Amino acid sequence: MTLAWVAAREVTTGMKHPYLQRDEEGNPVALVPPRKMTDEQVARARELLADPKQTITSVAKAVGVARSVLYTEVPEANGRYARLRAAAQHDSASAP
């Protein structure tokens, strides 16, 4: 699906496409999928992810989205367990 195809389909069918982004004059400029999380949900997820005791599943439930959406919309969620594990190993190695 290209920008030209979507714009032409809108003209021929009269139906607005949800992924079509327009400029100030109403001209189609890009195809962008709608966001699945609000800014407030992203901020809350980041707060919860800062706590190492929180799991991805519990954070996703708390903000009301699926885990896959959380991974897509909040980049900090990717690789979180690996970072926590590395930090724990580093702490245990440096402890006397």
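How exposed is Arg 22, in terms of relative accessibility? Arg 22 counts as partly exposed, at 32%; here buried means under 20% relative accessible area, exposed over 50%, and partly exposed in between (1.4 Å probe, protein chains only). Some notes on the salt bridges follow.

1. A word on the model: it is predicted, so local features need pLDDT of at least 70 and side-chain atom pairs count only at pLDDT 80 or more, while totals for chains, interfaces and linings use all residues. Residues are numbered from 1 along each chain as its sequence is written, and side-chain values use heavy atoms, leaving out hydrogens and water.

2. With a salt bridge defined as a side-chain nitrogen of Lys or Arg within 4 Å of a carboxyl oxygen of Asp or Glu, the count comes to three.

3. Glu 10 and Arg 22 form one of these, at 2.1 Å from N to O. Glu 10 sits in helix α1 (residues 3-13) and Arg 22 in strand β1 (residues 20-22), so the pair ties together parts 12 residues apart in sequence. Helices (H or I, at least four residues) and strands (E, at least two) are DSSP runs, numbered from the N terminus. Glu 10 is buried, at 11% relative accessible area.

4. Arg 44 and Glu 47 pair at 3.3 Å, N to O. Both belong to helix α2 (residues 39-49), three residues apart, or about one turn of the helix. Arg 44 is partly exposed at 40%, whereas Glu 47 is exposed at 53%.

5. Arg 46 meets Glu 76 in a salt bridge of 2.4 Å, N to O. This pair links distant parts of the chain, 30 residues apart: Arg 46 is in helix α2, and Glu 76 in the loop between α4 (67-73) and α5 (80-94). Arg 46 is partly exposed at 40%, and Glu 76 is partly exposed at 34%.
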